[in-house]
There are 4 protein chains.
Amino acid sequence: MDDQLTALTELLRELPGIGPRAARRLAYWFVRRDRTWIDRFVRVLSDAHRTVRTCTSCMRMFPGREGMDRCSICTNEQRDKHLLLVVEKDVDLENIERTGAYKGFYFVLGGTVSALDKDPDHKIRINELEARLKGADHELTELILALSATTEGEETAFFIGDRVRSIADQRRITVTTLGRGLSTGTELEYVDTDTMTNALQGRK
Amino acid sequence: MDDQLTALTELLRELPGIGPRAARRLAYWFVRRDRTWIDRFVRVLSDAHRTVRTCTSCMRMFPGREGMDRCSICTNEQRDKHLLLVVEKDVDLENIERTGAYKGFYFVLGGTVSALDKDPDHKIRINELEARLKGADHELTELILALSATTEGEETAFFIGDRVRSIADQRRITVTTLGRGLSTGTELEYVDTDTMTNALQGRK
Amino acid sequence: MDDQLTALTELLRELPGIGPRAARRLAYWFVRRDRTWIDRFVRVLSDAHRTVRTCTSCMRMFPGREGMDRCSICTNEQRDKHLLLVVEKDVDLENIERTGAYKGFYFVLGGTVSALDKDPDHKIRINELEARLKGADHELTELILALSATTEGEETAFFIGDRVRSIADQRRITVTTLGRGLSTGTELEYVDTDTMTNALQGRK
Amino acid sequence: MDDQLTALTELLRELPGIGPRAARRLAYWFVRRDRTWIDRFVRVLSDAHRTVRTCTSCMRMFPGREGMDRCSICTNEQRDKHLLLVVEKDVDLENIERTGAYKGFYFVLGGTVSALDKDPDHKIRINELEARLKGADHELTELILALSATTEGEETAFFIGDRVRSIADQRRITVTTLGRGLSTGTELEYVDTDTMTNALQGRK
């Protein structure tokens with residue numbers, strides 16, 4: 001009966017963080033927009049999709065102009081060539097960039113892997129990262145694995161560390177991870193043993 | 001710098017339930033789809049928007065074929081002509097329809113009004129509802145205001161009740177609201193006075 | 001090593017709603033009170049425990065004076081003798097009494113039973129309830145099972161209904177349960193099928 | 001009417017983390033215990049209160065025997081005399097001790113202060129801490145302020161740092177705070193700027 005609405009609902013369910021109920025609500029919301037809004041949305045979406053491209057160096061999405069294949073960070077001569085920082089996804093990169101505390105370069109992994117994954121090479125850009133390290137400027141001295149402090153993040157960091165070890169050793173690149181300790185808002189009474197131990201070791 | 005991504009993020013922020021962070025995440029998610037997916041999404045969205053239309057009788061969105069201006073519920077001769085049930089939005093109607101417990105007709109209001117609204121007539125389809133009641137079949141005997149048990153829902157029900165009173169009286173239509181009482185999961189220890197009072201009065 | 005603190009912590013863990021962490025925190029809190037506070041607490045606790053007694057009629061706890069064996073509700077001649085309402089625990093009774101919407105008598109069950117319980121008679125005061133019904137005033141016409149709208153509450157109501165059926169039939173006592181419907185705050189979009197069905201049937 | 005129950009409820013409301021509803025529920029729970037349980041509780045509480053005493057050195061509560069005025073940590077010759085760690089309360093000390101990662105000594109502050117407090121000296125044991133530092137063993141080289149990463153915790157650390165500065169300088173004691181960074185479970189996408197900046201600086 002309601003083919004088109006259902007088809008739209010099903011596509012909307014693919015969006016990250018959208019469950020069946022929210023997808024249905026969004027579908028109705030979209031069909032209630034006026035023609036002008038839909039035309040504008042389709043145009044903006046198509047424009048973004050056509051012009052935003054993957055930086056061949058850091059793999060992040062960036063709004064590229066004709067002939068550009070590297071993003072504004074990767075082509076910025078002022079950035080610190082000693083540092084390369086690996087993140088899971090584009091918004092993580094933006095979040096770090098927003099702090100203003102990091103001046104090196106980035107690499108967007110595109111996902112995480114678990115210890116149980118049979119074919120991790122196809123879930124994240126590990127081959128591209130290896131290639132990037134092999135072709136890296138001689139000034140590169142540190143590879144920072146900036147992953148979440150979750151099981152997924154830790155397993156991914158472990159996997160990468162293992163895979164890049166020989167290249168890193170060969171090229172004298174130190175592999176580091178983000179500092180652990182109290183996050184903003186952590187109450188001492190509820191802190192877990194790992195975090196407490198790290199907070200004690202990292203005192204200053 | 002990142003015009004197209006930002007433009008897309010801003011449009012996505014208009015979606016119900018999507019904050020700035022989620023909008024950014026969705027924008028990146030969309031531009032990372034492949035061309036085929038985007039084409040399909042644009043086609044499905046445009047199809048839905050073009051074919052799904054507003055039922056001239058109940059005001060819900062429905063997937064209409066050429067020449068149809070009333071939905072499958074409004075044209076169903078088996079439905080109970082004594083009942084007309086007012087809901088805020090399309091998904092509320094679907095939620096009620098899913099119970100199988102209601103066999104009458106519907107009217108989708110399109111929103112809620114607050115006691116402070118200066119121009120409530122433009123926020124909800126109150127004029128259309130009045131027209132619907134004036135033109136109603138003589139068999140109609142009950143108008144059910146099926147609104148949320150929230151301040152918004154109650155103020156909206158109060159507003160409608162006030163506006164339709166004279167027509168309802170004239171045509172001997174009883175105006176009712178949904179029964180109050182314990183909802184699934186309500187624990188007696190934490191129940192509020194209103195709900196408890198209603199649950200006592202509505203015992204059976 | 002810390003015998004007394006641990007012993008106190010362990011007793012405090014028996015309190016309803018108190019986990020191991022909260023129990024430890026409470027233990028330290030108690031030992032940090034001054035002597036006066038502890039003396040007062042012990043006196044108030046002992047006084048309450050000694051004077052508060054179980055009403056022989058409704059089984060609630062009440063602050064009894066010498067020679068009183070029934071509470072102020074059970075001895076109140078103004079209450080409605082047609083109604084007897086069954087609750088799980090004392091605070092439920094207080095919560096209902098606070099609404100001012102109920103003027104009949106009460107019976108405190110002392111717990112809930114599950115369909116899987118092998119010896120439900122020892123978990124709740126079902127025998128006492130039966131005795132109460134057998135000895136009830138001839139004016140009693142309705143037994144209200146005021147239990148939570150949870151699986152536990154429903155199974156308990158089912159169990160009681162089953163057990164009191166023959167006495168109720170014999171004495172022409174109707175067994176009712178609290179009305180179901182929208183609770184304060186329920187949003188129509190998220191309401192479950194059962195609650196929606198009840199809300200539709202209970203409209204008024 | 002119900003004097004004793006109400007009196008008990010009111011005392012129970014003083015317990016940390018117990019609201020009015022929980023206090024009432026606890027009061028009923030206590031009066032429903034049998035005589036044996038109440039006697040045992042009163043005995044255990046009184047025993048704990050009488051025997052548990054404040055360590056004159058670290059100010060924590062400990063189960064002391066006759067003639068002992070310092071706890072088992074403060075009298076342990078194996079602990080690291082270079083370190084003194086300040087915590088807000090007893091359970092924080094226990095939480096740190098549980099990690100096994102700290103081998104120095106402690107000082108329990110007894111609370112926190114805010115920048116707005118007019119008489120902070122009476123809210124926390126700052127004078128006792130100063131005295132402790134003045135009388136400290138010459139081996140003491142570091143004072144660790146182990147407070148929560150909250151506004152309260154930070155303001156307290158700032159207040160202490162300010163007050164102990166001259167003694168610390170004189171005696172060459174370094175004042176440190178716990179390391180900041182990602183806590184267990186922190187997701188990169190949702191991390192705040194402060195934590196991210198600290199995590200970058202503290203990478204290893």
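This is a predicted model: local features need pLDDT of at least 70, side-chain atom pairs count only at pLDDT 80 or more; totals for chains, interfaces and linings use all residues.
Residues are numbered from 1 along each chain as its sequence is written, and chains are lettered from A in the order in which they are written. Local features require a pLDDT of at least 70 and side-chain atom pairs a pLDDT of 80 or more, whereas totals for chains, interfaces and linings use all residues; side-chain values use heavy atoms, without hydrogens or water.

The size of an interface is often given as the accessible area lost when the parts come together. Chain B and chain C bury about 3,800 Å² between them, with 55% of this area on carbon and sulfur atoms. Buried area here is the accessible area (1.4 Å probe) that two parts lose on being put together, summed over both. On the chain B side, the residues that lose the most area to chain C are B:Leu188, B:Arg203 and B:Lys204, which together account for 17% of what that side buries. The contact (heavy atoms within 4.5 Å) draws on 47 residues from chain B and 47 residues from chain C.

B:Arg203 also takes part in a salt bridge, its side chain meeting that of C:Glu142 at 2.4 Å, N to O. Four salt bridges are counted between chain B and chain C, a salt bridge being a side-chain nitrogen of Lys or Arg within 4 Å of a carboxyl oxygen of Asp or Glu. Across this interface, 35 residue pairs are in polar contact, both residues being at pLDDT 80 or more. A polar contact is a pair of N or O atoms within 3.5 Å; within protein, one must be able to donate a hydrogen and the other to accept it, and residues adjacent in sequence count only if both atoms are side-chain atoms.

Which element gives the largest share of the side of chain B that touches chain C? That share, nine residues, comes from α7(B). Helices (H or I, at least four residues) and strands (E, at least two) are DSSP runs, numbered from the N terminus.

Symmetry relates the chains. Chain B can be laid on chain C by a turn of 180° and a shift of 0.0 Å along the axis, with an RMSD of 0.0 Å; superposition is by least squares on the C-alpha atoms of residues with pLDDT of at least 70 in both copies. The two copies are thus related as by a two-fold rotation axis. In chain B, the C-alpha nearest the axis belongs to B:Gly181, 2.2 Å from it.
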